[in-house]
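Please look at the sequence and the structure first.

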Amino acid sequence: MIGLKVSHHLLLCATPTKAKCCDPTVGAESWSELKRMVKELGLEKPDRPEGIVLRSKADCLRICERGPILLIWPEGVWYSDVTPNKIQVILNEHIINQNPVQEWVHKETPFRHRNA
Ligand code: FES
C-alpha cells in the first residue's frame, strides 16, 4: 500500500453501533454494493492510472441523520440517504466520470490547499 497513488477514499457510515443515522439493513446492503462495485470497476487495481480507491466502513461520521452517509475524499463530498442503487450511480459518475451527483450531495467540506 505504501507508495501507491490514491485517487479517492470512500467512507461509509453503514452499520453504526448506535444506529442513529440509518436503517442498518440498508446500510449493510449499501456497503456490500460499494465493495462489489469497487472490485467490479477495477478501482483497487494497483496499476490504475488515476490511483487506487480506498474504502472504509465508518462507525459514525458525525452527521447522524439521513444515512447511510458516504463521504468521498479528496473532494469532501458528503452524500446522504445512500442506497445500493445510488452507490452504483455515485461510483460511476463521481469516481469514474469525475462528476459529483449534486442532487444527492448533503454538504461539501473540501480540504484547504496549503501553498507549497
Ligand atoms: S451514526 Fe451514521 S453518521 Fe453518525
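The sections below describe a predicted model.

## Helix H2

Helix H2 covers residues 84–96. At 1.5 Å a residue, its 13 residues should span 18 Å, and the end C-alpha atoms are 17 Å apart, which agrees. H2 has a kink of about 30°, centred on Ile90.

Ile90 is also one of the buried residues of H2, along with Lys86, Ile87, Leu91, His94 and Ile95. An α-helix has 3.6 residues a turn, so residues three or four places apart point the same way. The buried residues of H2 pack against helix H1 (24–40). They also pack against four strands: E1 (6–13), E2 (52–58), E3 (69–73) and E4 (77–79).

## Positive phi in loops

Most residues other than glycine have a negative phi, and most peptide bonds are trans. Asp81, in the loop between E4 and H2, has a positive phi near 50°.

At 49% relative accessibility, Gln98 counts as partly exposed; exposed would require over 50%.

## Cis peptide bonds

Gly67 and Pro68 are joined by a cis peptide bond with omega about 0°. Pro68 is in the loop between E2 and E3.

The bond from Trp73 to Pro74 is cis as well, with omega near 15°. Pro74 sits in the loop between E3 and E4.

## Aromatic side chains

The structure has zero aromatic pairs. Lys107 lies over the face of Trp78, 4.9 Å from the ring centre.

Note on methods
Residues numbered from 1 in each chain as written. Predicted model: local features only at pLDDT ≥ 70, side-chain atom pairs only at ≥ 80, totals over all residues. Heavy atoms only, no water. Phe/Tyr/Trp six-rings, centres within 6.5 Å; stacked < 30°, edge-to-face > 60°. Lys NZ or Arg CZ within 6 Å of the ring centre and 35° of its normal. Helix = DSSP H or I, 4+ residues; strand = E, 2+ residues; numbered from the N terminus. Expected span 1.5 Å × (residues − 1). Bend = angle between axes of the 7 residues up to and from the residue. Buried < 20%, exposed > 50% of the residue type's maximum accessible area, 1.4 Å probe, protein only. Contact = heavy atoms within 4.5 Å.
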